[in-house]
Amino acid sequence: MSTGPVEVELRLPGWARSPSVRRHGPAVAALCLLIAGLVLKGWLLSRSFFVEDDIVFIGRAVDEPFDWDHLFRVHIGHLMPGAFALVRAVTAVSAYDWALVSAVIMALYAGAALALHRLLRLLFGARPLILVPLALFLFAPANFQAGTWFAAALNILPMQVALLMAVCSQVLLIRTGRARHALAGIAWTCAGLLFFEKAVVIPPVLFLLTVLLLAREHGVAGAVRRHLGLWLAYAAVGGAYLAGYVLAAGRPGGTALVGRSSTPRRTTSAASSAVRCRRCSWGAR
């Protein structure tokens, strides 16, 4: 009986070996993963509804004037004027409409997934293996909260988009040296800060990424000096945001805490009544 090595040859179907499939296959597969992720999110959202902060945010948007005091209220430690502006826009179309809110959440979720796909293509090319981290992102249980709770989605999903797109801009800056990519990274960071104060982690992430990619060729000190002006610009953005946060939290009525919200009682009562009515109509569908 022969004990030599055994060779097994696997042949792909003819259509799978065609140049067009090799060229566009990963992109098509990524699109299929995104559609599957959106279907899952849609199913989860169909079994969810407004809770906790959702009711407070929409109630304020209905009752309060759209001004600086409304946008720059620090809500339980969160400064998020972009999120409040988005709630205002959604409420202007249809207040307490869970189908509309679900569409907004799914759009933000799709945007984050597309930003991740772009980053993976920049770093590793259009390889099938980039589908693995993309699938982990789309179907990770940790993303379920941001996928079903409006208040959480308003913070987390825009910050994910901003972080991923800022990293894309930084990679392009390192490769090309074009100033427009540096400006794009700063713009994405500012956009993230409008929705979630934790977007302050974006500049440190970009700094570590830059050092990691350039340290072998230029050394750590050289990697830092190569984009010193950019780091100073990010420091200025962070300092300005910190000053704005302190001013917003320190002004009268600037901080809203649980049980001490500046929202009138009639707003909360009206919001609760509207949500109960919407819940009944939603459940009857």
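Author: Let's start with Leu134, which counts as buried because its relative accessibility is 3%, under the 20% cut-off for that word. Bear in mind that what you see is a predicted model. Leu134 has its place in helix H6. Leave out residues up to four places away in sequence, and Leu134 touches Ala30, Leu33, Ala113, Leu116, His117 and Leu120.

H6 covers residues 131–139, and its axis comes within 10 Å of the axis of helix H5, residues 98–124. The two cross at roughly 165 degrees, and H5 and H6 are therefore roughly antiparallel to each other; the cut-off for that label is an angle over 145 degrees. As for handedness, the crossing of H5 and H6 is right-handed.

Who does the touching here? On the H5 side you'll find Tyr109, Ala112, Ala113, Leu116, His117 and Leu120, and they meet Pro133, Leu134, Phe137 and Leu138 of H6. Sort the residues of this contact by class and you get nine nonpolar, one polar and no charged.

Helix H9 (residues 179–195) packs with helix H11 (residues 228–250) at an angle of about 20 degrees, their axes being 11 Å apart. That angle makes H9 roughly parallel to H11, the label used for anything under 35 degrees. The crossing of H9 and H11 is right-handed. From H9 come Ala182, Gly185, Ile186, Thr189, Cys190 and Leu193, while H11 brings Leu230, Ala233, Tyr234, Val237 and Tyr241 to meet them. By class, the contact of H9 with H11 has nine nonpolar residues, two polar and no charged.

Ser169 sits in helix H8, residues 150–176, and is buried, with 6% relative accessible area.

Thr210 is buried, with a relative accessible area of 0%. Its side chain reaches the backbone oxygen of Leu206 at 2.8 Å. With neighbours within four places in sequence left aside, Thr210 is in contact with Gln170, Ile174, Ala215, Ala223, His227 and Trp231.

Finally, step back to the whole chain. Its secondary structure comes to twelve helices and three strands. Of the 285 residues in the chain, 41% count as buried, and Leu134, Ser169 and Thr210 are among the buried ones. How far along the sequence do contacts reach? Looking at contacts between residues at least 6 apart in sequence, 73% join residues at least 24 apart.

Key
Residues numbered from 1 in each chain as written. Predicted model: local features only at pLDDT ≥ 70, side-chain atom pairs only at ≥ 80, totals over all residues. Heavy atoms only, no water. Axes fitted to C-alpha atoms, helices over the stretch in contact; angles between N-to-C directions. Helix = DSSP H or I, 4+ residues; strand = E, 2+ residues; numbered from the N terminus. Parallel < 35°, antiparallel > 145°, perpendicular 65-115°, else oblique. Left-handed = near helix turned anticlockwise from the far one by under 90°. Contact = heavy atoms within 4.5 Å. Nonpolar A, V, L, I, M, F, W, Y, C, P; charged D, E, K, R; others polar. Buried < 20%, exposed > 50% of the residue type's maximum accessible area, 1.4 Å probe, protein only. Polar contact = N/O pair within 3.5 Å; in protein donor to acceptor, adjacent residues only side chain to side chain.
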